[in-house]
Amino acid sequence: MLNWLLTIFLCFIFFGGTAQDAARLKLFDEKINSAGNDADKIDALVELADYYSVFKLEAKSDSILQKAIIIAEVSSDKELVLKILFNNSVTNLNTWSSKETFERSINFIQRGLQFAQDLKKEDYIALAYIRLAGIYRKRNLFNEAFQQATQAFTALANTHADSLRCILYNELGDIYIGKADAVQAYKNYNNAFDLAYQLKNYKLQSDIYHRFSELYRLVGDNEMSKKYLLQSLELNTEHPNTEGQFKDYIDLTRITSERDYIDKAIALANKLNQDRNKLAAKRLLFYWYMVEGKNSAQTFNYLFSNPDLVQFFKNQGQANFDWQIGNIYRYALQYDSALHYYKLAEAELTVAYDAGISLSVCKAMAETYLQNKDSGQAKVYYEKSFALCKQINQTASFSSISSQLGMLHAKKSDFKQAYYFEMQADSATKLLQQNEAKDKVVLLQVDRENKKRESDLLEAEQKTQRKHNLQIMAITLVVTGIFAIMLFLGMFAVSKTTIRMIGYFAFISLFEFIIVLLDHPIIAFSKGEPFKIWGIKIFLIAMLVPFQHFLEHRLINYLQSRKLLEARQRFSLKNWWLRLKKPAPVVDAGKNENNVDDTAVL
């Protein structure tokens, strides 16, 4: 009772007095009012719209974007209009968004689609269809999602936008995941990865690693799921991508429930200093306290010590906030309090949200009633869940719900209904087992294909390294040859201008070659940060240029001194050969060997 009263008191405080961050909104207003031109004003408005989107104030976000569109249309700048209509904040929805929010986003995207079609911008047309496919997928409307994806493929037929094709393959894979078809999901993710690798797009590769991880998580192989997330983390660390590392830590937390990953995500969110990332990290820690801590007082303490987190749930409506309160109590095993808040949230969540959310609500309430030993109410909500499962063809939950209904009817001695639901559960279980066996076979294939790809990538990397080594060797020979030619020419009577020109080119080639050799270590040391690379190269050039000038000056002066010419003449091969060919001196025949005159004296 005390916990319940405390919750009401805190809700009254925060829901009665907490507004959106007034100081932040004032800064946005100042930025908008001080904008010097339409482009700057639109950028500021889009930034404000994204801020509202982060805190689930989609109606305000949409209103701000409409103002930005009017400014762009008045300025007759079509590129600015496109920039607004294809703003990312419109698509930042999750499955717990309301029907109204989904419809608003669909209308906005369709407006962008129409504008892109008028301009015949095929890439934007494809992007609009991809976004519509994503919206329908989140609503569990998979047939409509497939239709939009097909339209996107048609739009991309005459373009070379491979990055968009990669995103489209990812979206198709996500749709198949929603339909529990791991085979087709794998094929599409594999196509996406091949394109991302060809493009050397490491961000897209990281996104696909996350999708492979989700494939394994769905079949219960958390070790393989974690492996792919660690591969993504390694990739994002090697190619500094802080945003990607943040996502890696978020999903690693979901797989492992390790608090250390949350702390790392929070540290990166503070480094990025973006509202969306900060709030995502706080939400993750909130859910960690709820699910892992199982202590309602501790969870409430964390929630209400972060007003922005309270505001996030508040902005989604009172029902959504009540639902979160109910979840806190349920995980803390306080079922009466959980059911109280679930009942407060039920009406709005089942009317204003899609059938998938209604299923989640009814299933959670059925399980909570069962845990609270209220079989009658548990049966009512399991029957609602059963009907919703059939409506949206949710096979994954069908087996467990049918099994519980069979058990509850058996307790009431309604054996006919118990038998019916047991047969339904048995059929669903067999189907799930068949799908699971097929998925495991597919995932074995995924593993083989990925190992083959890793082997191919390693071989390609080694081939590239060999090519680079050969090029470095060739450059070494060329530079050596240039210096040899310069020294050789110094042995002949050539003009001093020629010597200076060849010397200048030779030393430029030598020191640029040194920079090329140092380039990779510099990038590795600086982790690709432009400021560090700039500073290191300034230092190197400051060291190398004087040394280059000194060597160039000394060598060219030596060549101009004609000493090589004199040496060539002194040690000429021609003169040496002539000396070898020179005839022996003539000896007087009248003298003997001992210079004794053999002439007779008469």
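**Exercise 1. Determine how helices α3 and α15 are oriented relative to each other, and classify the residues of their contact.**

Solution. Helix α3 (residues 38-54) and helix α15 (residues 275-293) pack with their axes 10 Å apart, at an angle of about 10°. Axes are lines fitted to C-alpha atoms, for helices over the stretch in contact, and angles run from 0 to 180 degrees between N-to-C directions. Angles under 35 degrees count as roughly parallel, over 145 as roughly antiparallel, 65 to 115 as roughly perpendicular and the rest as oblique. Therefore α3 is roughly parallel to α15.

Next, take the contact, meaning heavy atoms within 4.5 Å. From α3, D50, Y51, S53 and V54 meet D275, R276 and L279 of α15. By class, there are three nonpolar, one polar and three charged residues. Here Ala, Val, Leu, Ile, Met, Phe, Trp, Tyr, Cys and Pro count as nonpolar, Asp, Glu, Lys and Arg as charged, and the others, Gly among them, as polar.

The model is predicted: local features need pLDDT of at least 70, side-chain atom pairs count only at pLDDT 80 or more, and totals for chains, interfaces and linings use all residues. Residues are numbered from 1 along each chain as its sequence is written, and side-chain values use heavy atoms, with hydrogens and water left out.

**Exercise 2. Describe the surroundings of L252 and I357, and decide whether each is buried or exposed.**

Solution. Begin with L252, which is found in helix α13 (residues 242-256). L252 counts as buried because its relative accessibility is 0%; buried means under 20% relative accessible area, exposed over 50%, partly exposed in between (1.4 Å probe, protein chains only). Not counting residues up to four places away in sequence, L252 touches K226, L229, L230, L233, S257 and Y261. Between L252 and S225, 27 residues apart in sequence, the C-alpha to C-alpha distance is 8.9 Å.

Turn to I357, in helix α20 (residues 355-371). With 4% relative accessibility, I357 also counts as buried. Leaving aside neighbours within four places in sequence, I357 is in contact with T95, W96 and L349. R139 is 218 residues from I357 in sequence, yet their C-alpha atoms are 9.2 Å apart.

**Exercise 3. Summarise the secondary structure of the chain and its confidence.**

Solution. The chain has 27 helices and zero strands; helices (H or I, at least four residues) and strands (E, at least two) are DSSP runs, numbered from the N terminus. Of its 602 residues, 42% count as buried.

The chain averages 82, and 82% of the residues score at least 70. Over residues 1-19 pLDDT stays under 50, and the model has 29 contacts beyond four places in sequence for that stretch. Residues 596-602 are also below 50, with five contacts beyond near neighbours in sequence. Where pLDDT is low, the predicted coordinates should not be read in detail.

Conventions:
pLDDT is the predictor's confidence in each residue, from 0 to 100.
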